[in-house]
Amino acid sequence: MKSKKIIVALDSNNLNKIIRLVKILKKDAFAFKIGYEFFYNFGIEGYKKIYSVCPKIFLDLKLHDIPNTVEKGLKALVKMKPLFTTIHISGGDDMMLASRKIKRNTKVLGVSVLTSLDNNQTKKYYNQKNISALVKKFTQAAKQNKLDGVVCSPQEIKHIRKEVGENFIIVTPGIRITDKLKSDDQKRVETPNKAINLGANYLVIGRPITKSKDPLKSLIKINETLS
């Protein structure tokens, strides 16, 4: 049996619907991602309801603040026992090192460059038009500061896997099911099989599963394509 690699994104404002979905998918998903939409709608109580159904949660709140604030935020967050959580690499060395001061089992992943950004946006805000070079630079900083892994688009996986080795976690959003890839709110996208073959450990997939007429069938079909 192939190992599970799909993290299903729970982006919805209907808690009962989400709970039903988690019950249906939990045996075939690696984990479930809770982000802003869920957490700001349902908070810790909503989180606990999902956790009681499936405790394998990626709590993706992308912390980004001064080191002391992030450290205190992480101390509160790890009490909820997610598998993964996220902080922005661009918050700097001291902010990333703050995560090492906390006794935790939760893996802390660094967010590199959001998949919604293209070359023009990175040129404007980071003074770097080469996204792959920028993500590589951020990833090197994340590893130097002893984060557990990174979040990056599929198009940067091959460039950073060589840098970080096999034991550094790569979680990849921006996954689209069809080979006829179209950009929507995410600019740098790829198919599931290609992303895994490039070196991703886990894929974050939301709408292609959750908006499907048969979410379980869609998840199983994706799992079957993975090497």
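Rings of Phe, Tyr and Trp (its six-membered ring) pair if their centres lie within 6.5 Å; planes under 30 degrees apart count as stacked, over 60 as edge-to-face and the rest as tilted. The structure on display is a predicted model, in which local features need pLDDT of at least 70, side-chain atom pairs count only at pLDDT 80 or more, and totals for chains, interfaces and linings use all residues. Residues are numbered from 1 along each chain as its sequence is written, and side-chain values use heavy atoms, with hydrogens and water left out.

**Aromatic rings**

Please select Phe30, Phe58, Phe84 and Tyr202, which ring pairs link into a cluster. The structure holds eight aromatic pairs. Another stop is tyrosine 47 with tyrosine 51: the ring centres are 6.1 Å apart and the planes stand at 25 degrees, so this pair is stacked. Both tyrosines belong to helix α2, four residues apart, about one turn of the helix. Helices (H or I, at least four residues) and strands (E, at least two) are DSSP runs, numbered from the N terminus. Tyrosine 47 is buried at a relative accessible area of 2%, whereas tyrosine 51 is partly exposed at 28%. Buried means under 20% relative accessible area, exposed over 50%, and partly exposed in between (1.4 Å probe, protein chains only).

**Strand β3 and its partners**

Next, select residues 57-63, strand β3, where six of the seven residues are buried. Two strands pair if DSSP finds at least two bridges between them. Strand β2 (residues 31-34) pairs with β3 in the parallel sense over three bridges, and isoleucine 34 stands opposite leucine 59. Strand β4 (residues 84-88) also runs parallel to β3, joined by three bridges; there, phenylalanine 84 is the bridge partner of phenylalanine 58.

From β3 the chain crosses through helix α3 (residues 67-77) to β4 in a right-handed β-α-β crossover. A right-handed β-α-β unit is also made by β2, helix α2 (residues 36-53) and β3. Right-handed here means that, with the strands pointing away from the viewer, the path from the first strand over the helix to the second runs clockwise.

**Nonpolar cores**

A nonpolar core is a set of buried Ala, Val, Leu, Ile, Met, Phe, Trp, Tyr and Cys residues joined through side-chain atoms within 4.5 Å. The largest has 60 residues, and those with the most contacts inside it are Ile6, Leu10, Ile34, Ile50, Ile87 and Leu203. Apart from it lies another core of twelve residues, including Ala31, Phe58, Val151 and Val204.
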